[in-house]
Amino acid sequence: MLFCRRLTHFRRVAPILGLGLLAACAAPPPVADNDPYESSNRRTHAFNQALDTNLIRPLARGVEPVTNGPVGSVINNVAGNLSMPSAILNKTLQGKFEDAVHNTWRFALNTTLGIGGLFDPASAMGLTERDADFGGTLHAWGAGEGAFLMLPVLGPSTERDALGKVVDAVIDPVGVALHSPQSGYARGIKVVSKLGDRARFGGTVDSIMHESADSYAQTRLLYLQNRRFELGQEVGDDAFIDPYANPYGD
Amino acid sequence: MTRSSIRMQTLTATDPRRRALLAGGAVYAGFLLAGAPAFALNVDQARNLIDRAIGEVNATINSGKSEAAMLNDFEGIFTRYADVPTIARSALGPAARSASSAQMAAFTEAFRGYIARKYGRRFREFIGGQIEVTGAQPLKSYFEVSSVAKLRGQAPFDLRWHVSDRSGRQMFFNIIIEGVNMLAAERTEIGSMLDRRRGDLNALIADLKSI
């Protein structure tokens with residue numbers, strides 16, 4: 001356990017870096033309701049709801065004719081290809097070398113045959129994207145997810161994943177390689193791709209964000225369960241509800 | 001005489017080996033009796049149930065019907081394949097303890113329509129896609145059937161079905177979509193709805209019908 005030994009050293013400096021969440025080597029099992037910032041999180045969520053109603057949803061609907069068509073899939077392809085170097089780096093940092101090689105082939109094929117990522121021939125060959133981010137890398141290194149956080153604009157996260165986002169922004173090889181104005185174009189493409197997602201999953205997003213009786217509680221539950229699933233984390237007993245053994249769930 | 005029959009003869013009534021054999025046999029018989037209902041549903045049957053349910057879902061999402069007609073189909077599928085009373089009771093949670101049987105019946109009916117419309121709308125977003133069963137295995141006290149939804153222009157995603165026959169019939173009682181647990185989500189949602197109505201179950205039942 002090479003990472004473990006490294007981490008014991010890392011843990012000593014962790015509090016200085018404000019990484020108190022790096023608690024154990026094997027990532028500790030998630031805590032069901034770790035939400036000490038709930039009241040401020042709820043305020044941020046209310047802000048995000050208003051932002052979605054007044055800006056993001058109308059924008060997404062406005063660009064939907066474009067994002068829904070062939071131009072949209074080109075934008076998606078480019079955005080996906082631009083995220084590959086960061087995924088390769090994180091898979092490597094996580095020690096998942098097979099995934100890193102898989103992603104490298106994908107990136108190489110789509111950048112060459114796919115003409116700079118405009119097309120996605122790799123997926124047709126079965127080389128689908130294997131996403132990774134630095135939050136996942138911290139998990140692989142043994143960090144717990146920490147408290148739940150609602151980020152302005154970006155939405156649900158955890159202390160670990162929010163820190164991961166900051167690190168990703170710094171270490172992204174594409175960000176390092178590209179300079180203005182190309183870096184600006186890259187960012188623009190990613191934003192349009194996200195707007196396309198907002199339009200495509202419109203019904204689902206609306207039902208969670210605007211129609212739910214307590215949309216904050218739903219968002220938190222959905223984010224945490226999905227994120228733990230993505231990271232292949234041991235799911236707590238609450239995920240395996242047996243309504244026959246415990247009909248009232250109490 | 002073969003060797004084993006010689007050994008058989010030597011097992012007298014007081015022989016400890018004989019008693020061990022008898023005890024073993026009794027335990028084995030007990031296992032069969034107690035085990036029979038628990039293992040009545042096997043992994044193939046669970047898989048088969050979800051295969052049929054998914055076949056109907058696929059037929060619906062590729063039928064080209066109107067939204068209303070599709071939601072109607074989904075309610076039928078949900079009624080035939082899901083253990084609605086158990087899901088409804090679990091979603092209502094502790095409040096179900098103090099509900100009268102008339103209230104529970106009304107709640108279960110309202111919940112059936114609500115859940116079929118809500119998840120039917122999600123499944124409708126799979127139009128043009130295909131769901132396939134990929135495996136089945138025992139999990140805790142029930143079975144988990146894995147499936148994958150393949151949608152146009154998107155990464156395939158993971159859909160799991162939890163199946164049990166403890167209601168007396170083979171039914172699914174939970175769906176896990178990319179790790180998100182329907183029962184857990186609905187327990188939170190129905191709990192929030194009830195809180196908003198200050199615990200008034202009748203108001204919740206009335207409102208569920210229009211959501």
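Rings of Phe, Tyr and Trp (its six-membered ring) pair if their centres lie within 6.5 Å; planes under 30 degrees apart count as stacked, over 60 as edge-to-face and the rest as tilted.

## Basis of the report

This is a predicted model, in which local features need pLDDT of at least 70 and side-chain atom pairs count only at pLDDT 80 or more, while totals for chains, interfaces and linings use all residues. Residues are numbered from 1 along each chain as its sequence is written, chains are lettered from A and ligands numbered from 1 in the order in which they are written, and side-chain values use heavy atoms, with hydrogens and water left out.

## Aromatic pairs

A pair of aromatic rings is described by the distance of the centres and the angle of the planes. Over all chains the count comes to twelve aromatic pairs. One of them joins Phe148(A) and Tyr223(A), a tilted pair with 6.4 Å from centre to centre and 55° between the planes. Phe148(A) lies in strand β1 (residues 148-151) of chain A and Tyr223(A) in helix α11 of chain A, so this pair ties together parts that are 75 residues apart in sequence. Helices (H or I, at least four residues) and strands (E, at least two) are DSSP runs, numbered from the N terminus. Both Phe148(A) and Tyr223(A) are buried; buried means under 20% relative accessible area, exposed over 50%, and partly exposed in between (1.4 Å probe, protein chains only).

In chain B, the ring centres of Phe74(B) and Phe123(B) are 5.9 Å apart and the planes stand at 25°, so the pair is stacked. The pair links distant parts of the chain, with Phe74(B) in helix α4 (residues 67-81) of chain B and Phe123(B) in helix α7 (residues 101-124) of chain B, 49 residues apart. Phe74(B) counts as buried at 6% relative accessibility, and Phe123(B) counts as buried at 7%. Ring pairs link Phe74(B), Phe123(B), Phe126(B) and Phe157(B) into a cluster.

## Organisation of chain B

Chain B has nine helices and five strands. From the N terminus on, its elements run α-α-α-α-α-α-α-β-β-β-β-β-α-α.

Of the 211 residues in chain B, 44% are buried. Contact means heavy atoms within 4.5 Å. Among contacts in chain B between residues at least 6 apart in sequence, 53% join residues at least 24 apart.

## Interface of chains A and B

The size of an interface is often given as the accessible area lost when the parts come together. Here, buried area is the accessible area (1.4 Å probe) that two parts lose on being put together, summed over both. Between chain A and chain B this area is about 2900 Å², and carbon and sulfur atoms give 55% of it. In chain A, Ile241(A), Tyr244(A) and Tyr248(A) lose the most area to chain B, together 26% of what that side buries. The contact takes 28 residues from chain A and 35 residues from chain B.

A salt bridge is a side-chain nitrogen of Lys or Arg within 4 Å of a carboxyl oxygen of Asp or Glu. The rule finds one salt bridge across the interface of chain A and chain B. Asp242(A) forms a salt bridge with Arg166(B), and the closest N and O atoms are 2.7 Å apart. There are also twelve residue pairs in polar contact across the interface of chain A and chain B (both at pLDDT 80 or more). A polar contact is a pair of N or O atoms within 3.5 Å; within protein, one must be able to donate a hydrogen and the other to accept it, and residues adjacent in sequence count only if both atoms are side-chain atoms. On the side of chain A that touches chain B, the elements giving two or more residues are α10 (202-209) and α11 (215-230) of chain A. Of these, α11(A) gives the most, with seven residues.

## Gln218(A)

Gln218(A) is placed in helix α11 of chain A and is buried, with a relative accessible area of 5%. A polar atom of the side chain of Gln218(A) lies 2.8 Å from the backbone oxygen of Ala185(B). Leaving aside neighbours within four places in sequence, Gln218(A) is in contact with Ile208(A), Ser212(A), Ala185(B), Thr188(B) and Glu189(B).

## Backbone details

Ser180(A) and Pro181(A) are joined by a cis peptide bond with omega of about 5°. Pro181(A) is found in the loop between α8 (173-177) and α9 (182-200) of chain A.

Ile115(A) is not a glycine, yet has a positive phi of about 50°. Ile115(A) sits in the loop between α4 (97-112) and α5 (121-124) of chain A and is exposed, with a relative accessible area of 53%. Lys140(B), also a residue other than glycine, has a positive phi near 50°. Lys140(B) lies in the loop between β1 (130-139) and β2 (142-150) of chain B and is exposed, with a relative accessible area of 55%.
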